[in-house]
Amino acid sequence: MMINQPCYRSPVLMLLLLLHISIGVYAQDKKQHVLQHKPLMNDVWKTFDMLLYKVEKSKGQTKYIPYFPQALKALEGKHVTIRGYMVPLTTGRKHNRFLLSVLPIFQCMFCGQDGIPAMVEVQILHGQKLAFSKRPLEVIGTVAFNGSDQNHTEIILRHATAKPID
């Protein structure tokens with residue numbers, strides 16, 4: 001003899017209910033993120049994103065050598081303005097050297113549709129220090145390229161100034 005169970009005891013219905021709630025929470029979080037996120041991409045960022053790597057294999061090791069396409073090379077020595085979020089390279093509250101990303105540090109850098117976003121190293125003018133903030137920054141600096149020094153990123157903004165933006 002079959003006994004009807006109340007619907008809340010059915011594993012399939014419970015699973016569907018949990019799935020429905022999860023999708024609603026995810027959609028709400030995503031909507032909130034979109035409302036809070038400031039679009040920071042500009043033509044300079046798009047050009048920085050052109051950085052490529054040549055892969056060389058030597059003595060059983062794989063090396064990734066930066067390749068700077070002509071459009072990217074054209075920015076060398078130029079003053080540029082970009083906006084982004086500070087990604088500290090060292091511990092501490094204030095920094096005179098950090099990475100700048102179009103995504104906040106608290107958002108997964110490897111999530112998204114187009115792979116890892118470009119990041120640049122920022123070297124603040126005359127060693128001045130800037131306090132870490134979750135707010136985006138506007139950075140003005142001189143573009144320099146690094147093809148071999150592993151202590152620095154491939155794209156550097158030297159003699160930079162930075163200020164928080166709203």
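Me: Which residues does Leu100 touch, not counting those up to four places away in sequence?
Reply: This is a predicted model: local features need pLDDT of at least 70, side-chain atom pairs count only at pLDDT 80 or more, and totals for chains, interfaces and linings use all residues. Residues are numbered from 1 along each chain as its sequence is written, and side-chain values use heavy atoms, leaving out hydrogens and water. Contact means heavy atoms within 4.5 Å. On that basis Leu100 touches Trp45, Ile82, Arg83, Gly84, Tyr85, Met86, Ala118, Met119, Val120, Val122, Leu137 and Val139.

Me: Which residues touch the most other members of the largest nonpolar core?
Reply: A nonpolar core is a set of buried Ala, Val, Leu, Ile, Met, Phe, Trp, Tyr and Cys residues joined through side-chain atoms within 4.5 Å. Buried means under 20% relative accessible area, exposed over 50%, partly exposed in between (1.4 Å probe, protein chains only). The largest core here holds 26 residues, and the members touching the most others are Phe48, Leu100 and Val120.

Me: Which element gives the largest share of this core?
Reply: Helices (H or I, at least four residues) and strands (E, at least two) are DSSP runs, numbered from the N terminus. Elements giving two or more residues to the core include H2, E3 (79-88) and E9 (155-164). The largest share is four residues, and it comes from E8.

Me: How many residues of E8 are buried?
Reply: E8 spans residues 137-145. This strand is mostly covered. Of its nine residues, the buried ones number eight.

Me: How many bridges join E8 to E9?
Reply: Two strands pair if DSSP finds at least two bridges between them. E3 and E8 pair antiparallel over six bridges, with Ile82 partnered by Val139. On E9, Pro164 stands opposite Leu137. E8 and E9 also run antiparallel, and the bridges joining them number eight.

Me: Is Thr47 buried or exposed?
Reply: Thr47 sits in helix H2 (residues 43-48). Beyond its neighbours within four places in sequence, Thr47 contacts Ala71, Leu72 and Leu75. Because its relative accessibility is 15%, Thr47 counts as buried.
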